[in-house]
Amino acid sequence: MRLNRALPIIAAIPALLLASACSGESADSGDKRPKASSEATTGTTEDAKAAAEAERIGAMSPQALEKATLSGTSNGFEVKKVAEADVQAGRDMKADKAPCQPLASLAGGFTHIPAVSVEHRSLEPAEAKNATVGSMWLASHSEQNAKKVMAELRTSLKECSGGFRTLGLTYTAITPVNAPKLGDEAVGYRITNVVAKQSVPMTYTVTRKGGVVAVFYGVNMLAPDDSAVPETIVKAQLDRLG
């Protein structure tokens, strides 16, 4: 059972391993103090721009989104913030087929339409008997763009059932599954990632509440049909959005 605890976002995006390693090397080289100061300044500037854009389009601000995102222990899972280096590694996943881009972007941890801000969390079972692990992320959009994300995802599911490739990774066996009737709308699907000749089935639950798209994905190597993140977690998160 402990093996399943070692399958966080990396199960879906093996490229994160390399990206994290490169990030670590960069952080340990050169004069650290000027770099840290520069990064802090850049982060502050980007946060201010994101907050201004959120106000302009009527989206949830980065600060409000972070506050509304689950953290700690909730409904049998430990919810932890994901390292920024791991988050950014999946940003530019491009599908080899244009209609499949919504699915490729979600596999990388983002929506294909850029969000004002995104919050990522890993989901690890608090009890050893629970073999499902995964992650969740919330993307803040204008309500119009959030609706467009969902509509284009549905189209992608219809046109890409045969699978696609991105960053040398292969995704196959894409099939719709039932999604909980929560939020303003929800879509569920199962997709298989082929990693080193091993098939890793993942179940996605994609929901929208207002302008926020909340995505949950789970992996259960012992029982793939039970790999969806429990509805209790989805509901708890959507409830926090107000």
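Me: Is S105 buried or exposed?

Reply: Buried means under 20% relative accessible area, exposed over 50%, and partly exposed in between, using a 1.4 Å probe and protein chains only. S105 has a relative accessible area of 8%, so S105 is buried. This is a predicted model, where local features need pLDDT of at least 70, side-chain atom pairs count only at pLDDT 80 or more, and totals for chains, interfaces and linings use all residues. Residues are numbered from 1 along each chain as its sequence is written, and side-chain values use heavy atoms, with hydrogens and water left out.

Me: Where is S105 found, and which residues does S105 touch?

Reply: Helices (H or I, at least four residues) and strands (E, at least two) are DSSP runs, numbered from the N terminus. S105 sits in helix α6, residues 101-107. A contact means heavy atoms within 4.5 Å. Leaving out residues up to four places away in sequence, S105 touches M93, F110, T111 and H112.

Me: Now the sheet. What is the order of the strands?

Reply: Two strands pair if DSSP finds at least two bridges between them. Here the open sheet of 9 strands runs β1-β2-β3-β4-β9-β8-β7-β6-β5, with antiparallel pairing. At the edges are β1 and β5 (164-166), each pairing on one side only. From one strand to the next, the twist averages 30 degrees.

Me: Which strands does helix α7 touch?

Reply: For directions, axes are lines fitted to C-alpha atoms, for helices over the stretch in contact, and angles run from 0 to 180 degrees between N-to-C directions. Helix α7 (143-159) packs on the sheet and touches β6, β7, β8 and β9, making about 50 degrees with β7. Helix α8 lies across β1, β2, β4, β8 and β9, at about 35 degrees to β8.

Me: Which residues of α8 are buried?

Reply: An α-helix has 3.6 residues a turn, so residues three or four places apart point the same way. In α8 (231-240), the buried residues are I233, V234, A236, Q237 and L238. Their cover includes α4 (62-68) as well as strands such as β4 (133-140) and β8 (198-209). After α8 comes G242, with a positive phi near 90 degrees.

Me: And the protein overall: how many helices and strands are there?

Reply: There are 8 helices and 9 strands, and buried residues make up 43% of the 242 residues.
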